[in-house]
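Good morning, and thank you for coming. Please look at the sequence and the structure that I am about to show.

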Amino acid sequence: MARHDTEMFCRFAYSPELSYDALLALDTSLKVELTAVLGESGGEFIHFEETGDALRAQCVFAAYDEELFHALCDRIAPLTDGRTEAVMLFVDKDLRLLHVYAMHDGTWRECCVGLPAPGPRSAAAADKEPAATSAAKAP
């Protein structure tokens, strides 16, 4: 059975200055580009949802890997060219870490949040597993 330790959520917000036709064209282009980037990086079950002024994307990855997240940011941030800005959230499905990335004008910023163990059983299990990396890096 396949194991997917990471859930990714992404939201691209569109500039209100875009015409309806320009927004539709950009929406289509983003879906094609994101499908390629996420798929080439190991993303599975890629799902898109249009909300009118934004595009939401969701997928899963096999491992929780900060280097992968940075590589994705390096490839996705250039899509935020003034017509869009984006936020990506990576959730460790064991609920130990969250990584959030904000993208604007081709750049990205990172925030990592370590979640507290709810009690002694979870804390003991976390001590036995390899520690995840959480060093902050940005271009």
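In what order do the six strands form the open sheet? The order is S2-S3-S1-S4-S5-S6, and the pairing is antiparallel. Strands here are DSSP runs (E, at least two residues) and helices are runs of H or I, at least four residues, numbered from the N terminus; two strands pair if DSSP finds at least two bridges between them.

This is a predicted model, in which local features need pLDDT of at least 70 and side-chain atom pairs pLDDT 80 or more, while totals for chains, interfaces and linings use all residues. Residues are numbered from 1 along each chain as its sequence is written, and side-chain values use heavy atoms, without hydrogens and water.

Strands S2 (44-50) and S6 (107-114) stand at the edges with a single partner strand each, so one side of each has no neighbour in the sheet. S5 and S6 pair over eight bridges in the antiparallel sense, and Leu97 stands opposite Gly114 in S6.

Let us turn to the aromatic rings. Rings of Phe, Tyr and Trp (its six-membered ring) pair if their centres lie within 6.5 Å; planes under 30 degrees apart count as stacked, over 60 as edge-to-face and the rest as tilted. The whole structure holds six aromatic pairs. Phe69 and Phe90 are stacked, because their centres are 3.9 Å apart and their planes at 15°. Phe69 lies in helix H2 (residues 66-76) and Phe90 in strand S4 (residues 84-92), so this pair ties together parts 21 residues apart in sequence. Phe90 also forms an edge-to-face pair with Tyr101, at 5.8 Å centre to centre and 80° between the planes.
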